[in-house]
Amino acid sequence: MAIQISPSILSADFAHLADEAAAVPTADWLHVDVMDGHFVPNLTLGLPVVESLARAAATPLDCHLMIEDPDRWAPAYAEAGAGSVTIHAKAASAPVRTLREIRRQGARAGLALNPAEPVDPYADLLGEMDMLLLMTVEPGFGGQKFLDLVLPKIRRARELMDERGAAVWLQVDGGVSDETIERAAEAGADVFVAGSAVYGAQDPAGAVDSLRAQAERVSKLA
Ligand SMILES: O=C(CO)[C@H](O)[C@H](O)COP(=O)(O)O
C-alpha cells in the first residue's frame, strides 16, 4: 500500500476552501473534520459545505465525522460526494450497519478510535471497513501534540490486519508533522492526516511532499 497524505482543512482558511484545496495538488485526499459541538467541544461545518467542496475540489474528500448519531448522518455524507466517510466507534449505536450503508452509497467506510480506546475489540469488524482511523490526539482541535502513547496501538492494529489479511488502510490523525510522521509510519500507519503541518506551512504543497517522503523512507509496507 502506498503512503497517502490527507491535509486537514481544519487548519485552512474557511473563507477560501476551494483555493485551499487547490493549494495541495499532490495530496491524495482532503480531510474534512465535521464537528457538531456535542461529540467534541468544537463546531465546524456540515453537509452543505461538503456538497459544495466535493464539486469544487479536484481531490477526493475524506470526511471524519466527529458527531453524535453518525448512524443517522454518515450515509448522507457519502451521498453528498465524499470519497471516504469515517465514523467514531463510540458514537455509533449500529456501527456495522452504518459502515455497510456508507459502502452502499459508494464511499469508503472508516471507523475511528480515540487515543484511550483499544483496538482489539474491533478486530472482528475489520472486514466491514476500508480504513481504521487511530486518533493521535484527543479529537476536537488542530495544533495539538502527537500522543506517542498511541504508537503501540498502531503496531497492534497493523498486526491484526496482517494476521487477518485485511486490506484496510490505517490512518493516523493529530499532531502529524515532520517531527512525528516517521514514528507513525514505522509503527505501520499508511494514511496521514496533517492540518497545521500543511496549512500552517509557507508552502503547503511542499509540506505534503516532505511528509510523504519521510513516511516512505521508513515505511515497511510495500
Ligand atoms: O481531527 C482533527 C482534530 O480532531 C484534525 O484532523 C487534526 O487535529 C489535524 O490537525 P493537526 O494536524 O494540526 O493536529
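User: Is Pro 139 buried or exposed?

Analyst: A residue counts as buried if 20 or more other C-beta atoms, placed from the backbone, lie within 10 Å of its own, as exposed if 12 or fewer do, and as partly exposed in between. Pro 139 has 21 C-beta neighbours inside 10 Å and therefore counts as buried. This is a predicted model, in which local features need pLDDT of at least 70, side-chain atom pairs count only at pLDDT 80 or more, and totals for chains, interfaces and linings use all residues. Residues are numbered from 1 along each chain as its sequence is written.

User: Where does Pro 139 lie, and which residues is Pro 139 in contact with, leaving aside its neighbours within four places in sequence?

Analyst: Helices (H or I, at least four residues) and strands (E, at least two) are DSSP runs, numbered from the N terminus. Pro 139 is in the loop between strand S6 (131–135) and helix H5 (151–164). Two residues are in contact if their C-beta atoms, placed from the backbone, lie within 7 Å; beyond four places in sequence, Pro 139 touches Val 40, Met 66 and Asn 114 in this sense.

User: Which residues of helix H4 are buried, and why do they line one face?

Analyst: In H4 (residues 95–104), the buried residues are Pro 95, Thr 98, Leu 99 and Ile 102. Seen down the axis, they fall within an arc of 100 degrees, taken from the directions of the C-beta atoms, so they line one face of the helix. The face turned away from that side carries the exposed Arg 97 and Arg 104, while the buried residues pack against helix H3 (70–79), strand S4 (84–88) and strand S5 (108–113).
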